[in-house]
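Have a look through the model, then read the points below.

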Amino acid sequence: DNGYIYSFDKVGDTFSYYASITIDKSSDDVQSIAMPRCIARFEMVATDALHDYLNTVDIRIEGAATTLDAKTGKGAAKSVQTKTINVPASNIGKSNCTFVAYAFLTEEPTTATITLTAKDASGNVIQTHTLTDVELETNYITRYTGDFFASEIGSQISASTEWTGIKDNEF
């Protein structure tokens, strides 16, 4: 049923819950619903300083989805998505800058190909790296860290799928 498929141009941290709920207006009972996270997060941390001619970084993910099936909380169909991140002038010259993209997964875990492309203000490619067999999993951060502008980035990248933590609050 396509009535439950939602498409997102800009995918961000997303939570989803689907159920039929009966509300008895004569009752004072309160129903608590916990909405689980239904998305995977990819991070690239550039440990080297960002060049002064850097304008944008594209994160292209092949093998995940940009559409969500609200009934299942999973990606509706595998596709290719590209997130373009504008680099603020205040980040030029800084190191350890983090670039983030999110993806819905059609299966757990998902193996994706991720291409990272740095461009100048005219759209010229400064640097590009393709990461293959990147394992993405819902509710996990997959982080790649390394010297993004180094010529042989592959030997300087490590992956971590550990979640950095949860801040629980009540109101």
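1. Which side chains meet in a salt bridge at 2.5 Å, N to O? They are those of Glu 62 and Arg 60. A salt bridge here is a side-chain nitrogen of Lys or Arg within 4 Å of a carboxyl oxygen of Asp or Glu. Glu 62 is partly exposed at 30% relative accessibility, and Arg 60 is partly exposed at 31% (buried is under 20% relative accessible area, exposed over 50%, partly exposed in between, with a 1.4 Å probe and protein chains only).

2. A word on the source: this is a predicted model, where local features need pLDDT of at least 70, side-chain atom pairs count only at pLDDT 80 or more, and totals for chains, interfaces and linings use all residues. Residues are numbered from 1 along each chain as its sequence is written, and side-chain values use heavy atoms, leaving out hydrogens and water.

3. The whole structure has seven salt bridges. Arg 41, Glu 43 and Arg 143 form a network of them. Glu 43 is buried, at 5%, and its closest N and O atoms with Arg 41 are 2.8 Å apart. With Arg 143 the N to O distance is 2.7 Å. Glu 43 sits in strand S2 and Arg 143 in strand S10 (residues 141-146), so this pair ties together parts 100 residues apart in sequence. Strands are DSSP runs (E, at least two residues), numbered from the N terminus.

4. Now the sheet: four strands form an open one, ordered S6-S3-S8-S9 with antiparallel pairing (strands pair if DSSP finds at least two bridges between them). Seven bridges join S3 to S8, and Ile 61 stands opposite Ile 114 in S8.
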